[in-house]
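Here are my notes on this chain. Please read them with the structure open.

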Amino acid sequence: MPVNYAAASELYVVARSGPRPHMVHRRFATAAEAVQFAMEGVTGKLASVVLEVDEVRFEGPAIRAMYRADSYPMARPPGWEDAAGPIH
(Lines give C-alpha, C1' and ligand atoms only; values in the text may rest on other atoms or scores of the structure.)
Protein backbone atom coordinates (compact mmCIF):
# COMPACT_ATOMS: atom_id res chain seq x y z
CA MET A 1 0.00 0.00 0.00
CA PRO A 2 1.51 3.35 -1.00
CA VAL A 3 1.85 5.89 1.77
CA ASN A 4 1.02 9.57 1.53
CA TYR A 5 4.26 11.08 2.82
CA ALA A 6 2.58 14.52 3.00
CA ALA A 7 -0.21 13.40 5.35
CA ALA A 8 -0.22 14.21 9.05
CA SER A 9 0.81 11.22 11.13
CA GLU A 10 1.30 9.83 14.60
CA LEU A 11 4.19 7.73 15.83
CA TYR A 12 3.98 5.39 18.81
CA VAL A 13 7.24 4.05 20.25
CA VAL A 14 7.41 1.52 23.06
CA ALA A 15 10.89 1.57 24.57
CA ARG A 16 12.43 -0.74 27.10
CA SER A 17 14.35 1.12 29.76
CA GLY A 18 14.47 -0.37 33.19
CA PRO A 19 12.02 -2.95 34.46
CA ARG A 20 8.98 -1.46 32.70
CA PRO A 21 8.54 -0.45 29.08
CA HIS A 22 7.13 3.01 28.40
CA MET A 23 5.29 4.45 25.42
CA VAL A 24 6.04 7.71 23.67
CA HIS A 25 3.50 9.27 21.30
CA ARG A 26 4.35 12.08 18.89
CA ARG A 27 2.39 13.85 16.18
CA PHE A 28 4.08 14.97 12.98
CA ALA A 29 2.95 17.36 10.25
CA THR A 30 3.98 14.83 7.62
CA ALA A 31 4.51 11.09 7.48
CA ALA A 32 7.93 11.74 5.94
CA GLU A 33 9.01 13.55 9.12
CA ALA A 34 7.68 10.71 11.28
CA VAL A 35 9.54 8.10 9.22
CA GLN A 36 12.72 10.17 9.45
CA PHE A 37 12.36 10.45 13.22
CA ALA A 38 11.68 6.72 13.56
CA MET A 39 14.76 5.81 11.53
CA GLU A 40 17.20 8.52 12.60
CA GLY A 41 15.98 10.02 15.87
CA VAL A 42 14.87 7.09 18.00
CA THR A 43 17.57 5.40 20.06
CA GLY A 44 17.67 2.70 22.68
CA LYS A 45 16.07 -0.69 22.96
CA LEU A 46 12.71 -0.64 21.24
CA ALA A 47 9.92 -3.08 21.85
CA SER A 48 7.62 -1.68 19.17
CA VAL A 49 7.21 1.20 16.71
CA VAL A 50 3.89 1.98 15.03
CA LEU A 51 3.22 4.74 12.52
CA GLU A 52 -0.35 5.80 11.79
CA VAL A 53 -1.04 7.62 8.52
CA ASP A 54 -4.56 8.25 7.19
CA GLU A 55 -5.93 5.79 9.79
CA VAL A 56 -3.66 3.00 8.52
CA ARG A 57 -1.03 1.56 10.86
CA PHE A 58 2.45 0.51 9.81
CA GLU A 59 4.93 -1.41 11.96
CA GLY A 60 8.72 -1.71 11.96
CA PRO A 61 9.47 -3.46 8.64
CA ALA A 62 6.96 -1.30 6.74
CA ILE A 63 8.45 1.89 8.23
CA ARG A 64 11.92 0.74 7.19
CA ALA A 65 10.61 0.07 3.66
CA MET A 66 9.12 3.60 3.52
CA TYR A 67 12.49 5.07 4.49
CA ARG A 68 14.30 3.04 1.83
CA ALA A 69 11.73 3.70 -0.92
CA ASP A 70 12.72 5.76 -3.95
CA SER A 71 9.61 7.87 -3.32
CA TYR A 72 10.77 8.92 0.18
CA PRO A 73 10.91 12.73 -0.15
CA MET A 74 13.47 13.70 2.51
CA ALA A 75 17.26 13.69 2.39
CA ARG A 76 18.99 10.81 4.15
CA PRO A 77 22.35 11.07 5.92
CA PRO A 78 25.50 9.80 4.22
CA GLY A 79 25.87 6.05 4.59
CA TRP A 80 22.19 5.50 5.31
CA GLU A 81 22.11 2.40 3.09
CA ASP A 82 24.35 0.56 5.54
CA ALA A 83 22.65 1.78 8.71
CA ALA A 84 20.31 -0.66 10.36
CA GLY A 85 18.46 1.97 12.37
CA PRO A 86 16.61 1.15 15.57
CA ILE A 87 13.69 -0.57 13.86
CA HIS A 88 13.92 -4.34 13.38
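1. Of the 88 residues of the chain, 35% count as buried, meaning under 20% relative accessible area with a 1.4 Å probe, protein chains only. The model is predicted: local features need pLDDT of at least 70, side-chain atom pairs count only at pLDDT 80 or more, and totals for chains, interfaces and linings use all residues. Residues are numbered from 1 along each chain as its sequence is written, and side-chain values use heavy atoms, without hydrogens and water.

2. The chain has 2 helices and 4 strands, in the order β-β-α-β-β-α from the N terminus. Helices (H or I, at least four residues) and strands (E, at least two) are DSSP runs, numbered from the N terminus.

3. The largest nonpolar core contains 22 residues. Such a core is a set of buried Ala, Val, Leu, Ile, Met, Phe, Trp, Tyr and Cys residues joined through side-chain atoms within 4.5 Å. At least two of its residues come from each of β1 (9-16), α1 (31-41), β3 (46-53) and α2 (60-68). The largest share, 6 residues, is from α1.

4. Leaving aside neighbours within four places in sequence, Glu 52 is in contact with Ala 8, Ser 9, Glu 10, Tyr 12 and Arg 57; contact means heavy atoms within 4.5 Å.

5. In the chain, 57% of the contacts with a separation of 6 or more are between residues 24 or more positions apart.

Notes
Buried < 20%, exposed > 50% of the residue type's maximum accessible area, 1.4 Å probe, protein only.
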